[in-house]
Amino acid sequence: AELLLRAPLTPMCTPALAHRLRQPADLAGQTLLRSYRLQEWESWFATLDQSAPLARGAMFDSSLTLAEAAAQGAGVALLPARMFQHLLQQGRLVRPFEQEVDTGAYWLTHLRSRAPSAALKTFRQWLLAQLQ
């Protein structure tokens with residue numbers, strides 16, 4: 001049994017930085033933090049029928065470090081809000097714009113040749129509960 005987890009990306013930043021952002025075009029004056037998937041900002045702006053400004057700043061290979069950099073005020077990051085709900089609830093990050101872009105999904109899978117372990121079943125149940 002496979003489980004599909006959608007994780008659309010949306011801009012996230014500190015509340016202080018968000019106060020300077022009235023419209024998506026205002027992002028042009030900000031540091032747009034990047035993941036190793038280079039087309040994410042272009043894809044997000046394309047959902048608004050706008051061209052993306054030049055993304056500059058550090059590049060991150062982990063969503064966790066990208067989110068922490070944004071929470072520390074290093075710039076605006078495109079993040080899956082579902083994964084970082086705790087930072088939104090704590091007020092460390094906010095979503096200045098509601099627009100999201102779907103760039104793929106996460107899958108929970110297991111080998112068909114092997115019965116799912118008790119640990120996998122427990123993890124799957126926990127994951128489903130977290131998604132509610």
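Visitor: Which residues lie nearest the centre of the largest pocket, and how many line it?
Guide: L5, R82, M83, L127 and L131 lie nearest its centre, and 15 residues line the pocket. A pocket is an open set of points on a 1 Å grid over the protein atoms alone, with protein on both sides within 12 Å along at least five of seven lines; a lining residue has an atom within 4 Å of a point.

Visitor: Which elements give two or more residues to that lining?
Guide: They are β1 (3–6), β6 (105–108) and α5 (118–131). α5 gives the most, with five residues. Helices (H or I, at least four residues) and strands (E, at least two) are DSSP runs, numbered from the N terminus.

Visitor: Before we go on, what kind of model is this?
Guide: This is a predicted model, where local features need pLDDT of at least 70, side-chain atom pairs count only at pLDDT 80 or more, and totals for chains, interfaces and linings use all residues. Residues are numbered from 1 along each chain as its sequence is written, and side-chain values use heavy atoms, with hydrogens and water left out.

Visitor: OK. How much space lies in the largest pocket?
Guide: About 410 Å³. A volume is the space filled by probe spheres set on the grid points, which are joined across faces, edges and corners.

Visitor: And what is its lining by class?
Guide: Ten nonpolar, three polar and two charged residues. Ala, Val, Leu, Ile, Met, Phe, Trp, Tyr, Cys and Pro count as nonpolar; Asp, Glu, Lys and Arg as charged; the others, Gly among them, as polar.

Visitor: What about the second largest pocket, how much space lies there?
Guide: About 180 Å³. Its lining has 14 residues, with R34, L38, W41, E42 and A55 nearest the centre. β3 (32–35) and α2 (40–46) each supply at least two of the lining residues. By class, that lining has nine nonpolar, one polar and four charged residues.

Visitor: How many cavities of 30 Å³ or more are there?
Guide: The search of the whole structure finds one. A cavity is a set of points where a 1.4 Å probe fits but cannot get out. The volume of the largest cavity is about 30 Å³.

Visitor: Which residues line it?
Guide: L9, S35, R37, E40, S63, L66, L78 and P80.

Visitor: New topic. How many salt bridges does the count come to?
Guide: Four. A salt bridge is a side-chain nitrogen of Lys or Arg within 4 Å of a carboxyl oxygen of Asp or Glu. R37 and E40 form one, at 2.7 Å from N to O. Both residues also line the largest cavity.

Visitor: Is E40 buried or exposed?
Guide: E40 is buried, because its relative accessible area is 6%; buried means under 20%, exposed over 50%, partly exposed in between (1.4 Å probe, protein chains only). R37 is partly exposed, at 36%.

Visitor: Where does the pair E68 and R92 sit?
Guide: Their closest N and O atoms are 2.9 Å apart. The pair links distant parts of the chain, 24 residues apart: E68 is in helix α3 (residues 63–71), R92 in the loop between α4 (85–90) and β6. E68 is partly exposed at 33%, and R92 is partly exposed at 29%.

Visitor: Which residues are linked in a network of salt bridges?
Guide: R95, E98 and E100. The R95 and E100 side chains meet at 3.2 Å, N to O. R95 is partly exposed, at 23% relative accessibility.
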